[in-house]
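Let's take a walk through a protein model, strand by strand. Have the structure open and follow along.

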Amino acid sequence: MKLLVTGGAGYIGSHVVRQLGEAGHEVVVYDNLSTGYRWAVLSGTLVEGDLADGARLDALFETHRFDAVLHFAASIVVSESLAEPLKYYGNNTRNTLTLLERVRRFGVPHFVFSSTAAVYGMTDLPLVDETVPLAPANPYGASKMMSERMLMDLGLADGPSYVVLRYFNVAGADSEARIGQSTPEATSLIKVACEAALGRRECLPIFGTDYPTPDGTCIRDFIHVEDLARAHLDALAHLAAGGSSEVLNCGYGRGYSVREVADSVRRVGGIDYRVDEVPRRPGDLPVMVADNTRIREVLGWTPAYDDLDRIVADALRWERNSPAQ
């Protein structure tokens, strides 16, 4: 298939692009390189451009007849979205609209959308499935929810068939340390812990130790980026075979606490490092774990890296070898 991958030079997009290339697909990556890297594009052709540039998108779609679009390009930092909400509605929602206009105009039949568990907002359910009402608690989640709705409405009209993948907590890296998470000042727990263990941060802060969980710290569902990338290829195959449009959670269906992650980094890395207990952050849920029944049933998705120590080992290997350091 001939595929357009927006944001394919970023963390998750680059892993998907690599797997698509290995599977024999013809890939065009479209990325403004604001948070992505040229060296991370291991397959296909990189076209540098911004989704806000409608004329450049028109030229791209006129040059290529795409069989599907996989859309990753977005701003993703929750705290930044609270401080700069219009940036998120612009980059995430308005730019998705600009892209969908071209998808419709040029008759692209399939669309895979990178979404987030942040669309669910505050919930006290032990497992979150796709039927939970959406109530995002921040502009990041809201901007993604709006993009989902546009895609769904377009699909109900005359638009593409689609799969929306709602990510839980993505971590890890390519097992050969060719690509990994390189975002400066990243906020994701496993990356922060690895950086602290390697002396690149003063410490790993634990935000709150009095939650109603076994060890008092928050519990999250961490998914290896390679398993997440495989879910995109499975979604693409599902659509290409005439499968129905779907909204699917991406997680393992079990969680680990912040303390368990900190201990895993110590154990796997053989490194002791400083961990500071600090007050809770507003809006953090005690537990957020995916119900992944649907993705297993609909796509036949079977994770291969469902092990915290494996996720941490790959993340640490990447941090030690990253060209972005």
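We can begin with a pair of strands: β1 and β2 (residues 26-31) run parallel and are linked by five bridges. Strands here are DSSP runs of E with at least two residues, helices are runs of H or I with at least four, and both are numbered from the N terminus. Two strands count as paired if DSSP finds at least two bridges between them. One such bridge puts Lys2 together with Glu26 of β2.

A quick word on the source: this is a predicted model, in which local features need pLDDT of at least 70, side-chain atom pairs count only at pLDDT 80 or more, and totals for chains, interfaces and linings use all residues. Residues are numbered from 1 along each chain as its sequence is written, and side-chain values use heavy atoms, leaving out hydrogens and water.

On its other pairing, β1 runs parallel to β4 (residues 68-71), joined by four bridges, and Val5 is partnered with Leu70 there. Now, why is β1 largely enclosed by the rest of the structure? Five of the five residues in β1 (residues 2-6) are buried, so that's your reason. Buried means under 20% relative accessible area, with exposed over 50% and partly exposed in between (1.4 Å probe, protein chains only). Lys2, Leu4 and Thr6 cover one side, while Leu3 and Val5 are buried on the other.

Zoom out, and you'll find an open sheet of seven strands, paired in parallel, in the order β3-β2-β1-β4-β5-β6-β11. β3 (45-48) and β11 (246-250) sit at the edges with a single partner strand each, so one side of each has no neighbour in the sheet.
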